[in-house]
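Hi,

Here is the structure I promised to pass on. Have a look first, and my notes follow below.

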Amino acid sequence: MIEVVFNESACGSLKVAQRYGKGKYQGVSSVFICHADGRKPTKKELEEAKYQYEERERRLWENAVPLGGSLADVYGFHLALSLGNISDEIFGQQRQTALEKLYMPCISDSDHQYIQNIVNNAKANLSSIYKRIASGEPIRVWYSKNPDELCGLYWFMNQLAQDEAESKQIFLVKLPEWENREDGIVIQKNSWGDVSAEEWYQYLSLQEQATESFVKMCAGHWRQLQQENAILRAELNGRLVSVPENIYDDFIIREIKAEGETFHEAKLIGRIMGKYRLGIGDGFIHFRIEKMIADGELEIVTQAEKDEPVYRRILKKSDNWNLPEMLNSRFWRKGSE
């Protein structure tokens with residue numbers, strides 16, 4: 001079975017899931033813990049932490065069901081297609097530029113080759129999948145409402161619609177929006193990147209076979225998005241649509257409002273991602289904060305240390321910061337910017 005995901009973390013987790021729970025549990029070699037006040041953990045604390053962690057991992061391993069398959073069956077397309085130009089060749093320079101902008105807060109000069117490899121590997125993966133489909137192998141696509149994964153699904157269905165293989169067995173697994181645990185707690189996963197190795201097998205019961213009409217529908221929708229070629233795409237009211245780049249600004253502004261005159265950008269970004277679960281990453285939030293700085297709404301107080309992400313810095317609200325006006329007018333008067 002060919003396995004396809006659109007998230008780098010999901011790709012790694014899915015590869016582990018193929019053999020997770022098979023054979024004897026091997027144990028862990030070490031653990032790391034730290035105290036909020038900066039104290040170093042004692043030897044006893046380290047031993048207790050290792051014991052607790054190992055017991056938990058042992059239970060997970062022994063209760064897990066391996067997904068099966070081999071590492072070569074898993075293909076990842078980490079192209080972040082919800083952001084940037086999609087009108088042209090997806091495996092070209094435009095996609096690399098979009099990825100560099102997205103990862104801008106965290107990349108160094110040496111990371112540019114890593115980003116180029118993402119694009120090159122995706123192109124090679126698609127070619128390999130075409131060959132395997134032509135030989136009659138079935139394919140399973142894992143997706144969710146996360147903008148990048150949903151865009152990935154539509155883009156990939158468009159690729160399959162153009163493939164000349166006569167017969168295709170395409171199966172889909174959509175991540176549930178909500179899950180009820182046995183202990184009564186309801187959890188929400190943002191994407192397949194949030195799924196642990198021991199969990200993948202339990203989602204196989206959600207698998208459905210894609211019809212030819214579904215593939216064509218996705219392909220047509222993707223071509224429409226290509227024609228619109230907005231800078232951003234998002235899932236709204238159950239539909240993947242082109243949206244303006246400032247659509248998430250209101251959430252950012254709300255959290256800045258809760259801050260004092262000065263605040264740490266990294267902590268702000270972390271709170272926005274955890275609180276609203278918008279399906280956007282730290283790079284895009286930083287990108288919008290940079291726009292607020294350029295507009296004179298925020299100012300930089302201190303820069304990040306060398307080799308740290310650029311958003312590890314202190315910002316302050318400028319004299320131009322006018323929250324009521326920003327909240328009420330940003331979308332209506334600035335929406336076309």
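Which residues lie nearest the centre of the largest pocket? They are N7, Y103, D148, I280 and G281, out of 39 residues that line it. Before going on: this is a predicted model, where local features need pLDDT of at least 70, side-chain atom pairs count only at pLDDT 80 or more, and totals for chains, interfaces and linings use all residues. Residues are numbered from 1 along each chain as its sequence is written, and side-chain values use heavy atoms, with hydrogens and water left out.

**The pocket**

The largest pocket has a volume of about 910 Å³. A pocket here is an open set of points on a 1 Å grid over the protein atoms alone, where a 1.4 Å probe fits, with protein on both sides within 12 Å along at least five of seven lines; lining residues have an atom within 4 Å of a point. The volume is the space filled by probe spheres set on the points, which are joined across faces, edges and corners. Two or more lining residues come from each of α1 (8-17), α4 (111-134), α5 (147-162), β8, α8 (265-276) and α9 (282-294). The largest share, four residues, is from α9. (Helices are DSSP runs of H or I, at least four residues, and strands are runs of E, at least two, numbered from the N terminus.)

N7 sits in the loop between β1 (2-5) and α1. Its side chain reaches the backbone nitrogen of A10 at 3.0 Å. Beyond four places in sequence, N7 is in contact (heavy atoms within 4.5 Å) with F77, H78, E149, S191 and G193.

**R95**

Now for R95, in helix α3 (residues 93-102). R95 is buried (under 20% relative accessible area; exposed is over 50%, partly exposed in between, with a 1.4 Å probe and protein chains only), yet it has no salt bridge. That would take a side-chain nitrogen of Lys or Arg within 4 Å of a carboxyl oxygen of Asp or Glu, and the nearest side chain of opposite charge, D148, is 6.8 Å away. Instead, the R95 side chain reaches the backbone oxygen of L83 at 2.8 Å. Its contacts beyond four places in sequence include A80, I90 and V119.

**Two positive phi values**

Most residues other than glycine have a negative phi. A80 has a phi near 50 degrees, in the loop between β2 (74-76) and α3, and is buried at 9% relative accessibility. N229 also has a phi near 50 degrees; N229 is in the loop between α6 (212-228) and β8 (232-236) and is partly exposed at 25%.

Cheers

Notes. Lys, Arg positive; Asp, Glu negative; His and termini not counted. Polar contact = N/O pair within 3.5 Å; in protein donor to acceptor, adjacent residues only side chain to side chain.
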